[in-house]
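Let's take a friendly walk through this model, from its packing to one of its helices. Please keep the sequence and the structure open as you read.

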Amino acid sequence: MESALRVLSGPITLLDALATAGAPTDDAGVEVLILHPKDAVAGSATLPDQRDAEVTTVNLREIQGGKLSRNVTIRDGDTIFVPKAERVFVVGLVRNAGSYVLERNMTVLQAISTAGGISERGSNRRLRIIRIVGNKRTEFDAKPTDFVQAGDTIVVKQRVL
């Protein structure tokens, strides 16, 4: 989503504000931060690291799922921040290896499903996760029910014949 300062002409909801700003980019996350300044200064945006702001986090998937109470009203002086999506990588014997948006509480199986599932030669028992911890690469066996973290690479190996 492009960065832009918009002036409100009355009450507006989060979805209205996002629609006015334009379509989100492919890199946009599903979590949106709304910053409500405690002491609004006319014409200045509230930045995500300011301590004088109340922050509301809204998951757009909740609104899409029918939870309209999450489509909050945007007030004068609010700043809407759409962070870049965190990603997970799925490689090996899957139908569509690549980079995918990490969803909250995503499991290894869900990430693999997002990549089109395991190919005919792949094994759901020979799964590995490569993770960077403290600037060091670690690799370990994974179960389909394990949770993935941002930046993880899931490797689906060939099944043993």
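## Ground rules

Contact here means heavy atoms within 4.5 Å. The model is predicted, so local features need pLDDT of at least 70 and side-chain atom pairs count only at pLDDT 80 or more, while totals for chains, interfaces and linings use all residues. Residues are numbered from 1 along each chain as its sequence is written, and side-chain values use heavy atoms, with hydrogens and water left out.

## Threonine 107

Leaving aside neighbours within four places in sequence, threonine 107 is in contact with Pro144, Thr145, Asp146, Phe147 and Val148. Threonine 107 sits in the loop between β7 (98-101) and α3; helices (H or I, at least four residues) and strands (E, at least two) are DSSP runs, numbered from the N terminus. With a relative accessible area of 14%, threonine 107 is buried. Buried means under 20% relative accessible area, exposed over 50%, and partly exposed in between (1.4 Å probe, protein chains only).

## The largest core

A nonpolar core is a set of buried Ala, Val, Leu, Ile, Met, Phe, Trp, Tyr and Cys residues joined through side-chain atoms within 4.5 Å. The largest one has 17 residues, of which Val88, Val90, Val108, Ile112, Val148 and Ile154 touch the most other members. Two or more residues each come from β6 (87-92), α3 (108-114), β8 (122-133) and β10 (153-158), and α3 gives the largest share, three residues.

## Helix α1

In helix α1 (residues 14-21), Leu14, Ala17 and Leu18 are buried. On the other side of α1, Ala19 and Thr20 are exposed. Glycine 22 follows α1 and has a positive phi, near 110 degrees.
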